[in-house]
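The sequence and structure come first.

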Amino acid sequence: KASELSSANATDIKSDLAQLNQITNQSNSQALQLREQAQAAASDPQKLKEVLSHSNDIQKEFQQKLMGLQLKSSEIQNIRTQMIDNLLTSQKLYELSTTPNFDMKAPSEEFKQLSMRTIAIQQKVGAELDAINQQYP
């Protein structure tokens, strides 16, 4: 419950950050591997679909881990909420990419908008996480 979360409590923030950073770091390393696989499969549509499907599975697993965190601070809860929003947006992108008429070279306007949205969320969350990690080492 939001009403039960602390605010500006260094102990809670550090504890929450430790939990969040652990699962985020795991997810980031998997994402880098998938990016390399996607680049290698760029000329093979079937292989690329397999990589995207695997990526979607990893994102769902990460979302479950995020939702399972027992957070105490409103600051980290806010970041988690944004991360989940981004994962839901990524899920929608994946669903659009699996439609029969999808063409990565000519994506729909909705796909373009969602792509820009997910990039913006990632940049915002990244900046917030960097700042709070520096503030609470």
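Accessible areas are calculated by the Shrake-Rupley method with a 1.4 Å probe, and for residues only the protein chains shown count as cover. By that method the protein exposes about 8,800 Å², of which carbon and sulfur atoms supply 52%. This is a predicted model, in which local features need pLDDT of at least 70 and side-chain atom pairs count only at pLDDT 80 or more, while totals for chains, interfaces and linings use all residues. Residues are numbered from 1 along each chain as its sequence is written, and side-chain values use heavy atoms, with hydrogens and water left out.

**Overall fold**
- The protein has four helices and zero strands, where helices (H or I, at least four residues) and strands (E, at least two) are DSSP runs numbered from the N terminus.
- The C-alpha trace spans about 50 × 25 × 25 Å along its principal axes.
- Of the 137 residues, 34% are buried (under 20% relative accessible area, with a 1.4 Å probe and protein chains only).

**Helices H3 and H4**
- The axes of H3 (residues 74–97) and H4 (residues 109–135) come within 9 Å and cross at roughly 155 degrees; axes are lines fitted to C-alpha atoms, for helices over the stretch in contact, and angles run from 0 to 180 degrees between N-to-C directions.
- H3 and H4 are therefore roughly antiparallel to each other (angles over 145 degrees).

**Asn-56**
- Asn-56 lies in helix H2 (residues 45–68).
- Asn-56 is buried, at a relative accessible area of 4%.
- Apart from neighbours within four places in sequence, Asn-56 is in contact with Gln-91 and Tyr-94 (heavy atoms within 4.5 Å).

Technical notes. Parallel < 35°, antiparallel > 145°, perpendicular 65-115°, else oblique. Buried < 20%, exposed > 50% of the residue type's maximum accessible area, 1.4 Å probe, protein only.
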